[in-house]
Amino acid sequence: RASGKGHHTSRHERRSKMEKSIDSYFTEILGVTYTNPREYSPLSLAYIGDSVFDLLIKTLAVTKDNKQAYKYHKEVSQLVKAEAQAGYIMYLLDNGLLTEEEEWIYKRGRNTKTHSTAKNATVGQYRMATGFECLIGFLYLDKQYDRMFEITRIILNHDPVETDRAEQQHKDPGKAAQEDTIEDTSTLEKSTESTDGEKDAE
C-alpha cells in the first residue's frame, strides 16, 4: 500500500509539472498567434470578453452544485446581464480599483457606438457593460489571468445591487449618456483647474 501511495504521489507531481497555461494550448495545439490586444478594436475585445466572463460565471455556478440547466441559466443570467455589468464597473471605478490603463480600455469600449441594445437596460448601462466586457477581453488576450480573476472575485464579493447612480441612469438614460460624454473630459478639466489654482496661489 505504501508503495502504491508513493507511486500515486509521484504521478501527481509529474502531472503538476506538465500543467500549461491555457494560452499554451491555443498556440501549440490550435496554432493561435497572439498579437498586442491594445491594437484590437474595442468591439473585438468586448466580443471575446462577453464569452470569457460568461464562462467564468458558468464555471462557478456549475461547480458549486449540481442542478437543472434552467436553474443555472436563471442564476447566471442575473450576474452577466448588462445592468449587473454596469454595476460592476461603477463599483470598480468609484472605489479606484482599476489601473490607469484598465480605465482607458474600459472607456474605449464604453464610448464605441454600437447598433445593438440590451433588454431591460438603459443605453447608458449597455454602454458601460460593453466597456466592462472590453476590459475582460483585454485582460484575457493580454494573458493577465491573475488580474482578470482578481477583478472577478472583487465584483462577485461586492453586493450586486445597483448604486444610486445606476438607479438614476435607469430613470433617465438621456442624462446617463450626457454624463458619459462629460466624464471623458473630466480629468483634463480637473488638471486645468488645479494648475489655475496653483497660479492664483502664487
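Contact here means heavy atoms within 4.5 Å. The model is predicted.

**Exercise 1.** Which residues of α6 and α7 meet, and at what angle do the helices pack?

Step 1. From α6 (residues 100-110), take E101, E102, I105, Y106, G109 and R110. They meet R127, M128, T130, G131, F132, C134, L135, F138 and L139 in α7 (residues 123-141).

Step 2. Sort these contact residues: eight are nonpolar, three polar and four charged.

Step 3. The axes lie 7 Å apart, and the packing angle is about 130 degrees. α6 and α7 are therefore oblique to each other. Their crossing is right-handed.

**Exercise 2.** Describe how α7 packs with helix α8 (residues 145-157).

Step 1. The two axes come within 8 Å and cross at roughly 145 degrees. The crossing is left-handed.

Step 2. List the contact. α7 supplies F132, L135, I136, L139 and Y140. α8 supplies Y145, R147, M148, I151 and I155.

Step 3. Classify: nine nonpolar, no polar and one charged.

**Exercise 3.** How is helix α3 (residues 42-64) oriented to α7?

Step 1. The axes of α3 and α7 cross at roughly 85 degrees and come within 6 Å.

Step 2. Angles from 65 to 115 degrees count as roughly perpendicular, so α3 is roughly perpendicular to α7.

Step 3. Find the contact residues. On α3 they include P42, L45, I48 and F53. On α7 they include F132, I136, Y140 and L141.

Step 4. Classify the contact residues: 13 nonpolar, three polar and two charged.

How values were computed: Residues numbered from 1 in each chain as written. Predicted model: local features only at pLDDT ≥ 70, side-chain atom pairs only at ≥ 80, totals over all residues. Heavy atoms only, no water. Axes fitted to C-alpha atoms, helices over the stretch in contact; angles between N-to-C directions. Helix = DSSP H or I, 4+ residues; strand = E, 2+ residues; numbered from the N terminus. Parallel < 35°, antiparallel > 145°, perpendicular 65-115°, else oblique. Left-handed = near helix turned anticlockwise from the far one by under 90°. Nonpolar A, V, L, I, M, F, W, Y, C, P; charged D, E, K, R; others polar.
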